[in-house]
Amino acid sequence: MHRHTCAARRLQQDRDSAIPAPRTPPYDSTVRGAILIVEDELVTQRLIAAGLERAGFEVMRATNVEEAAEAIREQLPGLMLLDWVLPTASGVTFLRELRTDRRTKQMPIIMLTSRSEETDKVTGLEAGADDYLIKPFSHRELLARIKAVVRRGAPLLGEEPVEFDGLKLDPAAHRVTANGDNVKLWATEFRLLHFLMTHPDRVYARSQLLDEVWGDHVFVEDRTVDVHIRQLRQALQPSGCDRMIETVRGAGYCFRTGAD
Ligand code: CA
């Protein structure tokens with residue numbers, strides 16, 4: 001009977017875990033807001049939460065997408081760690097939904113996955129993940145990824161708009177237009193295009209782009225650049241501006257101006 005009560009209490013605590021912890025500043029200011037952990041394996045969830053809290057982050061927790069959606073409605077997190085395999089709906093499906101919602105479109109999201117196949121990584125990135133971590137990962141690796149993703153998504157304020165052949169990027173307004181039409185880009189593609197447009201007609205190796213655009217790229221693979229270049233080209237394709245991003249075989253990528 002007593003054991004039953006304890007189990008029930010634990011269950012209640014787990015349900016309560018989706019509710020944001022009371023704010024007791026000062027928090028680490030790297031992330032603007034709390035970090036929402038969406039993970040159904042409770043041991044893993046608690047481990048990540050404890051580590052992040054120790055590092056000074058405010059933490060919110062959810063064990064499925066319904067709890068996560070509810071938590072987001074109450075308080076928009078500054079960043080989300082989203083497990084791939086969840087009980088009622090997959091993390092990737094949820095990720096796609098979040099990317100169509102104006103409120104969560106720009107939220108930095110790192111996918112957590114036990115799968116290591118390349119196709120899955122690409123699927124996650126194409127669905128709008130800013131990065132992915134393969135379980136098991138170290139606490140140090142998690143912190144490095146969080147910092148890198150946040151830095152990448154940081155607004156490029158106070159910079160001048162750049163324009164070439166009808167393609168215009170306005171960093172202050174976080175807006176890209178091609179021949180007057182809006183081009184919707186996620187944070188990483190925006191930053192990538194911004195870098196390329198401010199460094200035109202020069203060839204950059206993948207590793208250089210990782211340095212310049214991703215910052216701390218210790219755990220990011222070169223192939224990640226290719227995925228984001230492909231997405232950037234897809235977004236620019238309707239306007240024909242995609243041809244300005246040139247693949248230089250064996251060398252890298254180049255933003256070509258004045259090309260026909
Ligand atoms: Ca899981």
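Start by selecting helix α8 (residues 206-214): its buried residues are Leu-209, Leu-210, Val-213 and Trp-214. A residue is called buried if 20 or more other C-beta atoms lie within 10 Å of its own, exposed if 12 or fewer, and partly exposed in between, with C-beta atoms placed from the backbone. Looking down the axis of α8, these buried residues fall within an arc of 105°, so they line one face of the helix. The arc is taken over the directions from the helix axis to the C-beta atoms.

This is a predicted model, in which local features need pLDDT of at least 70 and side-chain atom pairs count only at pLDDT 80 or more, while totals for chains, interfaces and linings use all residues. Residue numbers run from 1 along each chain as its sequence is written.

**Whole chain**

Zoom out. The protein chain has nine helices and 12 strands. Helices (H or I, at least four residues) and strands (E, at least two) are DSSP runs, numbered from the N terminus. Of its 260 residues, 37% count as buried.

Axes here are lines fitted to C-alpha atoms, for helices over the stretch in contact, and angles run from 0 to 180 degrees between N-to-C directions. Contact means that the C-beta atoms of two residues, placed from the backbone, lie within 7 Å.

The three strands form an open sheet in the order β10-β12-β11, with antiparallel pairing. Two strands pair if DSSP finds at least two bridges between them. β10 and β11 are the edge strands, each pairing on one side only.

- β10 (residues 203-204) and β12 (residues 252-255) are joined by two antiparallel bridges, and Val-203 stands opposite Cys-254.
- β11 (residues 245-248) and β12 are joined by four antiparallel bridges. Ile-245 has Phe-255 as its bridge partner, and Val-248 stands opposite Gly-252.
- Three residues separate β11 from β12 in their hairpin, where Gly-250 takes a positive phi near 75°.

**The five-stranded sheet**

Next select β1 to β5. They form an open sheet in the order β2-β1-β3-β4-β5, with parallel pairing. β2 (59-62) and β5 (131-134) are at the edges with a single partner strand each, so one side of each has no neighbour in the sheet. On average, neighbouring strands of this sheet are turned by 20° against each other, direction ignored.

Helix α2 (residues 42-54) packs on this sheet, touching β1 (35-38), β2 and β3 (79-83), and its direction makes about 170° with that of β2. Helix α4 (residues 91-100) lies across β1, β3 and β4, at about 150° to β3.

Two strand pairs can be checked in detail. β1 and β2 pair in the parallel sense over four bridges, with Val-59 of β2 as the bridge partner of Ile-35. β4 (residues 109-113) and β5 also pair in the parallel sense over four bridges; there Thr-113 has Ile-134 as its bridge partner.

**The core**

Which faces of β1 are covered? Both are: Ile-35 and Ile-37 on one side, and Leu-36 and Val-38 on the other, are all buried.

A nonpolar core is a set of buried Ala, Val, Leu, Ile, Met, Phe, Trp, Tyr and Cys residues joined through C-beta atoms within 7 Å. The largest one has 66 residues, and those with the most contacts inside it are Ile-35, Leu-36, Val-38, Leu-81, Leu-82, Ile-109 and Leu-193. Helix α7 (residues 187-198) gives the largest share of this core, six residues. Domain 1 (2-152) and domain 2 (162-255) both contribute residues, so this core lies between them. The domain bounds come from an automatic or database domain assignment.

**Last stop: Lys-168**

Select Lys-168, in strand β7 (residues 167-170). Lys-168 is partly exposed, with 18 other C-beta atoms within 10 Å. Its contacts, leaving aside neighbours within four places in sequence, are Pro-161, Glu-163, Val-176 and Thr-177. Asn-179 is 11 residues away from Lys-168 in sequence and 8.1 Å away in space, C-alpha to C-alpha.
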